[in-house]
Amino acid sequence: MSAQPIVLAVENLTVSFDGFKAVNDLNLYVEKNELRVVIGPNGAGKTTLLDLICGRTRASAGSIKFKDQEMTKMPEHQRVRKGIGRKFQNPSIYESLTVFENLEVSYPRGRTVFGSLFFKRDAAVRQRIDEIAALIHLSDRLEDQAELLSHGQKQWLEIGMLLMQDPELLMLDEPVAGMSVSEREKTAELLTRISDNRSVIVIEHDMDFVKRIAHKVTVLHQGKMLAEGSMEKVQADPKVIEVYLGH
Amino acid sequence: MNTKLKALWGGYGTVLVLAAVIFILLPLSLDLFRLNLVGKYLTYAFVAVGLVLCWGYGGILSLGQGVFFGLGGYCMAMFLKLEASDPESTKIQSTPGIPDFMDWNQLTELPGFWLPFKSFLFTLFAVPLVPGILAFIIAVAMFKRRVGGVYFAIMTQAFAAVLSILIIGQQGYTGGVNGITDLKTLHGWDIRTDEAKYLLYYINGALLIGVVLLGRFVIGSKFGKLLLALRDREERVRFSGYDVANFKVFIFCLAAMFSAVGGAMFTLQVGFMSPSFVGIVPSIEMVIFTAVGGRMSLVGAVYGSLLVNYGKSYFSETFPELWLFLMGGLFIAVVMLFPNGLAGLSNQWREWRDRRRPKAGGTVTPLTAPPAGATPPPAGKDPLPPVASVGGGR
Amino acid sequence: MDGMTLSEIGSLLVMQGFNGLSFFSVLLLMALGLAIIFGQMGVINMAHGEFLTIGAYTTYLLSVVATDYAPWFMNFYFIAAIFVGFIVAFIVGYLVEWSMIRHLYRRPLDSLLATWGLSLIMQQAFRSTFGPKEVSATLPDWLMGSYAPTDTIDIPLNGLFVMGLTLLLTGAVALLIFRSRWGLHVRATTQNRAMSGAVGIDTAKVDRLTFALGCGIAGVAGAAFTTIGSTGPTSGSLYIVDTFLVVVFGGAQSLLGTIASAFSIAQAQSTLEFFMTGSMAKVLTLLTIIGILMLRPEGLFRMRVRK
């Protein structure tokens with residue numbers, strides 16, 4: 001896996017809110033087709049890191065390079081079009097649209113005002129929606145209003161919406177929070193499957209889940225990188241044990 | 001074949017009924033005076049239809065639609081006024097050939113910005129474009145900086161205040177508080193005759209149906225779904241690769257231009273335009289037309305405009321004391337009791353009935369009115385115990 | 001300005017500045033209540049002006065009672081009016097929050113429309129009760145007359161009084177928000193409603209009190225308002241847009257911002273009135289505020305918060 005090129009390079013990244021550094025001089029490199037899990041105690045800066053990469057928060061200093069292109073000054077929608085997808089912590093779907101429409105709206109064609117006015121639902125769109133729906137176990141719910149889905153299904157739907165865009169880097173913020181055991185199972189499978197041909201960053205608290213999916217784990221603490229490596233290596237690191245069990 | 005017809009009816013049935021009401025029912029059952037009044041109410045419906053798109057679907061509440069209605073109306077009024085102020089009919093003025101109110105205000109020359117309105121072609125373009133460009137400037141400035149919600153509403157209200165103060169304050173250029181009055185002819189065609197009034201009523205109705213159809217096209221497209229998506233989850237849309245501001249700018253400008261067409265038709269049918277249609281109070285009243293009809297229903301908005309305005313003239317003639325109570329009550333009622341207005345009543349009634357009849361696995365009530373003919377939602381799987389769905393804030 | 005001596009011009013400037021300060025007081029008095037309701041709760045109360053009118057009519061009623069039945073009360077009724085105005089507006093505000101606002105907290109645009117409806121109803125209620133004509137409270141002697149430090153400077157006492165009252169009220173509001181237990185609860189609720197509820201703050205009660213207090217302050221503003229103008233059914237609504245702009249311009253959650261923005265808006269407008277007609281001065285002021293807000297939507301003062 002070490003031969004893979006770097007897709008995302010975060011260097012000396014810092015953001016401060018009124019003097020408080022939520023992310024502090026952070027370096028992070030994610031390779032092509034890698035599934036990286038970011039863990040850390042509450043307030044470690046995990047969600048802020050994803051916010052910085054996707055542009056929801058502007059960096060105070062440092063650089064974010066995606067496929068060797070500087071991202072820090074780029075508006076959010078441009079970053080998406082370059083291939084960065086982001087799933088939010090609480091399922092963020094369009095409740096008043098059907099599952100089908102949720103996926104259709106996320107299809108990366110007709111993204112301009114006039115493009116969307118004259119967008120045609122052709123065979124390619126339908127086919128793509130059917131594919132994704134099968135992947136996220138929602139094939140039989142396509143015509144239902146999205147607000148009728150269960151919590152876990154909403155999470156899958158949002159992942160599906162991101163897959164519609166076929167991003168090269170997919171970032172997921174606690175995708176299994178609030179899911180039942182069987183749903184977690186299916187989600188783990190789903191994540192493994194979709195990381196086949198793209199890089200994925202996942203924030204997760206559930207250690208069993210992390211163990212199942214992670215190629216490599218990054219531990220954040222107070223905005224800084226504490227440890228990085230395989231799950232076994234990180235779990236054995238005394239600094240990590242201190243942060244999680246200490247105090 | 002039969003199902004095809006049904007589908008067609010489901011798509012356009014309500015519009016057909018509306019067209020029948022406007023073109024056949026009303027003209028046959030009302031005298032010309034009343035019909036002209038209805039024509040006036042229907043010009044407000046342009047604003048209401050625009051608000052369905054912008055507010056109902058897009059979630060952008062504009063409290064300044066009177067600005068665009070007024071600007072459209074003023075553009076038309078300026079052309080008509082210039083035609084009515086030919087040197088022959090204004091020869092008793094100290095400066096013949098300029099509008100009477102300018103003469104009263106000691107102006108001796110037509111102000112520069114009036115000059116292009118001598119051309120009818122220019123006026124035709126100016127009616128939608130002047131308000132459209134203003135809307136574009138406002139919308140770009142606000143939406144690119146992600147000002148929205150109540151802030152945007154307050155800003156539009158401030159614009160309504162500014163324009164009405166400006167028009168009233170600059171009487172020499174605008175006709176002041178009286179507005180632009182005594183409009184007579186359009187290219188020599190007298191707009192005050194009975195035939196003209198009938199014709200204008202029909203033109204107005206046809207334009208309105210056109211605007212409703214255009215609205216349906218927008219709602220039915222991917223753009224329409226994006227509007228709903230934007231209203232509910234702006235961030236998600238942004239992080240799906242859309243430049244959200246552009247979509248808001250477009251729908252706001254479209255609503256403004258609809259309003260402007262209504263304003264111009266108002267001027268033609270009623271024969272004057274004044275700042276009393278521009279300020280804060282008329283602008284917010286226009287929102288109630290939409291709210292009463294149903295903020296998610298284009299056709300409903302037209303009926304809402306008719307109903308509220310009919311109620312307004314009925315009550316202010318017979319029980320003037322009651323009208324403001326009623327109007328105030330309407331604002332509160334449509335917000336607290338009937339969020340989808342007239343158009344949503346049948347759904348609300350069905351939900352209420354279903355709730356009274358206890359049923360296993362009660363259906364979840366959607367917030368927005370589902371489109372007519374949508375399949376009833378199947379009883380979904382029981383949702384998992386909710387994960388504290390806090391956050392989001394207000 | 002030909003033919004004026006330097007001291008005359010100086011006096012003119014002082015009086016002009018004073019006019020600005022008077023206007024500042026009115027704006028700030030109205031904005032204080034609004035800043036609490038909008039800034040702390042995020043609720044747009046379009047009927048805020050009507051709560052001011054409630055205070056003004058209360059004062060008027062008390063002055064009628066004093067002149068007709070209790071002349072001895074004449075010198076003091078105004079002090080009483082400030083308290084009664086507060087209490088009446090507070091109670092009405094409390095009821096409005098309970099019956100209406102609390103159902104609309106998650107729908108700010110809807111609360112805007114509903115409170116607009118409320119303002120129409122209140123205006124008509126005033127009109128039906130007190131008639132469409134404006135009324136004036138008879139001022140006690142100590143509020144009449146003016147203070148004239150030089151021959152050319154003439155400062156009305158009622159204006160001075162309103163300014164003093166504004167200062168006092170602003171101080172009281174600041175103390176309430178930043179020093180009292182209630183203020184702590186309000187600020188906690190503003191920042192994290194769920195957490196506040198979890199640590200035992202009755203957030204529904206905090207909301208109700210906050211709203212009622214904002215309305216009560218408008219009632220006091222109404223009492224003060226009677227000393228410089230007459231009261232009609234729509235007196236309060238005249239200033240509502242200006243007041244919202246004051247609050248937004250100041251940065252919705254900053255008391256200091258509200259004060260600064262009321263001051264700059266009032267001074268700008270009264271200075272401009274010196275050069276042009278009142279309506280043009282207003283247009284120019286409003287446009288300037290709108291322009292600045294377009295460049296800086298968060299207002300003059302703001303907090304940067306981690307999302």
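In this predicted model, the buried residues of helix α14 of chain B are covered by elements including α12 (280–293) and α15 (341–356) of chain B together with α4 (108–130) of chain C. Buried means that 20 or more other C-beta atoms, placed from the backbone, lie within 10 Å of the residue's own. By this criterion the buried residues of α14(B) are Leu324(B), Met327(B), Gly328(B), Leu330(B), Phe331(B), Ile332(B), Val334(B) and Val335(B). The helix spans residues 320–336 and reaches 25 Å from its first C-alpha to its last, close to the 24 Å expected at 1.5 Å a residue, the expected span being 1.5 Å times one less than the number of residues. Helices (H or I, at least four residues) and strands (E, at least two) are DSSP runs, numbered from the N terminus. Residues are numbered from 1 along each chain as its sequence is written, with chains lettered from A and ligands numbered from 1 in the order in which they are written. Local features need pLDDT of at least 70 and side-chain atom pairs count only at pLDDT 80 or more, whereas totals for chains, interfaces and linings use all residues.

In chain A, six strands form an open sheet of mixed pairing in the order β6-β7-β8-β3-β9-β10; strands pair if DSSP finds at least two bridges between them. The edge strands, β6 (84–87) and β10 (224–229) of chain A, each pair on one side only. Strand β9 (residues 216–221) of chain A pairs with β10(A) in the antiparallel sense over five bridges, and His221(A) stands opposite Lys224(A) in β10(A).

Note on methods. Buried ≥ 20, exposed ≤ 12 C-beta atoms within 10 Å, placed from the backbone. Contact = placed C-beta atoms within 7 Å.
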